[in-house]
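Trainee: I would like to learn how to read a structure that is new to me, one feature at a time. Could you take me through it slowly?

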Amino acid sequence: MWNVRLFDITTLLFGVASVNYVVALYGKKETLARIGTWICVAAAVVSTAALGVRWAESYKMGIGRIPVTNLYESLVFFAWSVNLFYLAVEWKYRSRAFGAFVMPIAFGTMLFAFTNESSIQPLVPALQSYWLHAHVITCFVGYAGFAVSAGVAVMYLMKAKREERKVTGGVVQRFPSTKVLDELVYRAIIWGFPFLTAGIITGAAWANYAWGTYWSWDPKETWSLIVWLVYAAFLHARVTRGWHGRRAAILSIVGFVATIFCYLGVNLVLSGLHSYGGA
Amino acid sequence: MSEGKRTESLMDKVWKFFTSLKLAISVIIILAVASIIGTIIEQNQPLEKYRQVYGDGTIRLFETLNLFDMYHSWWFLLLLVLFTVNLSCCTLDRLPRTVKVVRNPKTTLDENLEKSLAHVDRWKKKGGMEGLADTYKTAMGSAFASPRVTENSGTLHLYAEKGIVSRFGVYVTHLSIIIIFIGAIIGNVFGFKGFANIVEGKSVRVIPTRGGTDQVDLGFAVRCNKFRVDFYPNGQPKEYSSDLSVIEGGREVLRKTIEVNDPLQYKGIWFYQSSYGPAGAASATVAVNSPEGARMETFSLTPGRKVEIPGYGKVSGIDYQDNFQGLGPALLVVLEKPGQPPAEYWLLKAYPHFDRQRGDTRYLSFAGVDQIFYTGLQVARDPGVNIVWVGCTLMVIGIMIAFFMSHQRLWVRLSRGGDGRVEVVLAGSTHRNRLAFEKKFEKIQADMRAVEA
């Protein structure tokens, strides 16, 4: 399968990019980080091509469908989203320090995908719907936003701790200012939040069209609501009570842990209607 | 008197409690944490299943706390009510203030305001005040928004604002949640959810609801004309569909083939393809032929039933295979002839004259199996669902307005300084997205400083 070869190459690229960013940060080698950016761009091209090839291959097999329908596909799609979201952030905020904290998330996701069944399986009737596209894409853009936010939150905590102790030097020197980091933790969430909201809504609309119930407290639905509530709490605390800095960063990390559980934990630990991850 | 005062202060306290953001965040967190319980304890399972996991004491405790149907328990609903009341009170408390800010904008920059703003710049310029005001007006108009000008005892004030609607994003979002709840309540009170298994060729008119404890007369009948299931090459179901007819007043008024993700709707009642299964045992059609190949009779075989062929023997079917040794569908029959031990042999659908090789007075051929299916339909009526969708749409719009737009304001004050030059003060504020506004402000600042009067 060509698409799987391409995804393997993507994994390798994410790995090399992660190493580049980390070494650049700790070894103060800006050139390496610049190479890292180009590797990320290459990975974006290769993984986009891989998704396209997988899509085309599924049609050749007579079961044509968008490649986001089982655990393997959802993981590579998540990594794809994180990479693109990261490139946008790097470009907008003109800092490559983020790469050392965000790209390992994409790399780890691909490694995990590597351990899963990668062949193209036909779709069960319940998944054959146009809602699938809108639902999955909105959810994963949301997840990607939360991943970036959590990565930046870790950077914030590192830098704030150093500044508190009045320690100068070290890697945090290469980070953007705590003000920018704090703002980015928030900005990534306000990108993720409406997408998660739209993801939950499209899921509800689909469920209603498939079996006449838009909400049935299925574990996946419930966990998506929990994630939504955590970020709603974050936004309220931030906007109206002025939660900035440390507390906001911790809440962002808590939110991302809940997101990961919603995405993977529910399928691996609990039972429910969502197909991927189970059998 | 004192009585009245006390109740008033109590009311104040209650109001303060319900409008506090602390309560809002607490309720949100409690809702989130409580929701986790119901994902760990499987909901609405039969008691036997719980017995396998929990002890009797635990089951009693969980039942008392309604943890087996947690999301419909009184305490969870109470939490939702508290959430809604808090949401409504916060909105009622804050909305008037917002309206006031929007309606009576502060169009002049006085010293107090100036001190409270984060973005302030000042410079001096030669020339006439009116002329400068005109130039700045144009500059602000093209870079930001067209300002209004007020004169106040020799001082000129320019004021411009943008994105005022974003102040209402939060209220739209909060309102949308209430709308969704209203839709959900309407659906629960005036709608129903039921399930119907319809055997091919049969129809139903009354649907059991609430897990069979109640029932609903549809006012029309639904007939399943035909059920069909397709498989992928690997044997996994690809699609299943039911050809349904709606019969009202003895006439067929609507006919549609539904499949998963493509339901039928009639008079607000929806029928969703949900499951299927065999209705009764499959039957096999077998023909009896003379050695010359003339068909003498056909009969159908069902499991456990012997069929007597007059003047020949008794036949029963004992096995069926979809693909017997690569030769296609095949039926295993037992033939009992008087005075002979029972003999088993396979009949192949693809080779109807295969059995002739026995060289007997009759030979049998297998024409295929017939299986009657039932189709499992989810039946629902939900008059609140469109209200829910309105709420959902408003929610996305509200969130976008609240977070991607911001209410930005710019002030310019022109006054004659002691040295005869014009003193210019530029100030700006935004109620959200400080960093983005900072950049914008810097640009406007540079533009305005550069213009020549």
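Mentor: Let us begin with a term: helices (H or I, at least four residues) and strands (E, at least two) are DSSP runs, numbered from the N terminus. Chain B, read in that way, has 10 helices and 20 strands. What you see is a predicted model, in which local features need pLDDT of at least 70 and side-chain atom pairs count only at pLDDT 80 or more, while totals for chains, interfaces and linings use all residues. Residues are numbered from 1 along each chain as its sequence is written, and chains are lettered from A and ligands numbered from 1 in the order in which they are written.

Trainee: What radius of gyration does chain B have, beside that of a compact globule of 453 residues?

Mentor: The radius is taken over C-alpha atoms, and the globule rule is 2.2 Å times the number of residues to the power 0.38. By that rule a compact globule of 453 residues would come near 22 Å, but chain B has 40 Å. Along the principal axes, the C-alpha atoms of chain B fill a box of roughly 135 × 65 × 50 Å.

Trainee: How many residues of chain B are in contact with chain A?

Mentor: Two residues are in contact if their C-beta atoms, placed from the backbone, lie within 7 Å. Here 38 residues of chain B are in contact with 36 residues of chain A. On the side of chain B that touches chain A, the largest share, 11 residues, comes from α2(B). To sort such a side by class, count Ala, Val, Leu, Ile, Met, Phe, Trp, Tyr, Cys and Pro as nonpolar, Asp, Glu, Lys and Arg as charged, and the others, Gly among them, as polar. The side of chain B that touches chain A then has 26 nonpolar, eight polar and four charged residues.

Trainee: Into which domains is chain A divided?

Mentor: Domain bounds come from an automatic or database domain assignment, and chain A is divided into domain 1 (1-114) and domain 2 (124-279). Their centres, taken over C-alpha atoms, are separated by 19 Å. Across the boundary, 22 residues of domain 1 of chain A are in contact with 24 residues of domain 2 of chain A. On the domain 1 side that touches domain 2, α3(A) gives the most, with 10 residues, and that side has 17 nonpolar, five polar and no charged residues.

Trainee: Which residues touch the most other members of the largest nonpolar core?

Mentor: A residue is buried if 20 or more other C-beta atoms lie within 10 Å of its own, exposed if 12 or fewer, and partly exposed in between, with C-beta atoms placed from the backbone. A nonpolar core is a set of buried Ala, Val, Leu, Ile, Met, Phe, Trp, Tyr and Cys residues joined through C-beta atoms within 7 Å. Of the 135 residues in the largest core, A:Val82, A:Val152 and A:Val185 touch the most other members. Helix α6 (residues 178-211) of chain A gives the most to this core, with 19 residues.

Trainee: Why is α6(A) largely enclosed by the rest of the structure?

Mentor: It is largely enclosed because 30 of the 34 residues of α6(A) are buried. A:Glu183 has its place in this helix and is buried, with 20 other C-beta atoms within 10 Å. Just after α6(A), A:Gly212 takes a positive phi of about 80 degrees.
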